[in-house]
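Here are my notes on the model you sent over. Have it open while you read, and go through the points in order.

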Amino acid sequence: MEHIHKWNVVHRLEKRQLLIAINCVAGLAIFFFGYDQGMMGGVNNAENYYDTTMHFGHKDPQTGAVIVTNTVSAYYVGTLAGCLIGGSFGDRYGRIKTIGLGSGWAVLALFCRLLPKMPHG
């Protein structure tokens with residue numbers, strides 16, 4: 001059997017305490033997901049963000065508000081595809097490799113986002 005490190009949570013929490021801890025962390029994750037949704041909703045509707053960063057969508061001629069329905073749709077389609085692909089990958093290769101793949105994907109996305117903004121010269 002594999003040796004479990006002494007700093008692992010299973011040495012400090014068992015049964016009901018572990019269940020409560022897992023549910024609290026999961027609830028916190030759901031809270032932050034909702035918070036992120038609210039923040040991005042505000043950012044996507046900001047005229048400055050539209051003018052300097054996104055360059056797609058359109059402004060409502062009557063109110064001047066930025067209308068970006070495609071951003072929200074693409075976000076949810078990407079979330080759905082990521083869940084399905086990640087779940088399938090996780091079933092086949094395990095959690096650790098799936099977390100590694102997700103982390104690598106996030107780093108790649110970070111570079112794809114930052115490289116166009118770097119000064120050339």
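1. Take the contacts in the protein between residues at least 6 apart in sequence: 17% of them join residues at least 24 apart. Contact here means heavy atoms within 4.5 Å.

2. A word on the ground rules. This is a predicted model, where local features need pLDDT of at least 70, side-chain atom pairs count only at pLDDT 80 or more, and totals for chains, interfaces and linings use all residues. Residues are numbered from 1 along each chain as its sequence is written, and side-chain values use heavy atoms, with hydrogens and water left out.

3. The protein has 4 helices and 2 strands, in the order α-α-β-β-α-α from the N terminus. Helices (H or I, at least four residues) and strands (E, at least two) are DSSP runs, numbered from the N terminus.

4. How much of the protein is buried? Of its 121 residues, 5% are. Buried means under 20% relative accessible area, exposed over 50%, and partly exposed in between (1.4 Å probe, protein chains only). The protein exposes about 10,400 Å², and carbon and sulfur atoms supply 68% of that. These areas come from the Shrake-Rupley method with a 1.4 Å probe; for residues, only the protein chains shown count as cover.

5. An unreviewed UniProt entry lists residues 18-35, 64-86 and 98-116 as "transmembrane region"; such annotations may be inferred rather than shown by experiment. In the model, residues 18-35 are 100% helix and 0% strand, with the end C-alpha atoms 26 Å apart.

6. Met39 sits in helix α1 (residues 15-44). Met39 counts as partly exposed because its relative accessibility is 42%.

7. Have a look at the aromatics too: the whole structure holds 2 aromatic pairs. One of them is Phe89 with Tyr93, tilted, at 4.6 Å centre to centre and 45 degrees between the planes. (Rings of Phe, Tyr and Trp, its six-membered ring, pair if their centres lie within 6.5 Å; planes under 30 degrees apart count as stacked, over 60 as edge-to-face and the rest as tilted.) Both residues lie in helix α3 (residues 69-93), 4 residues apart, about one turn of the helix.
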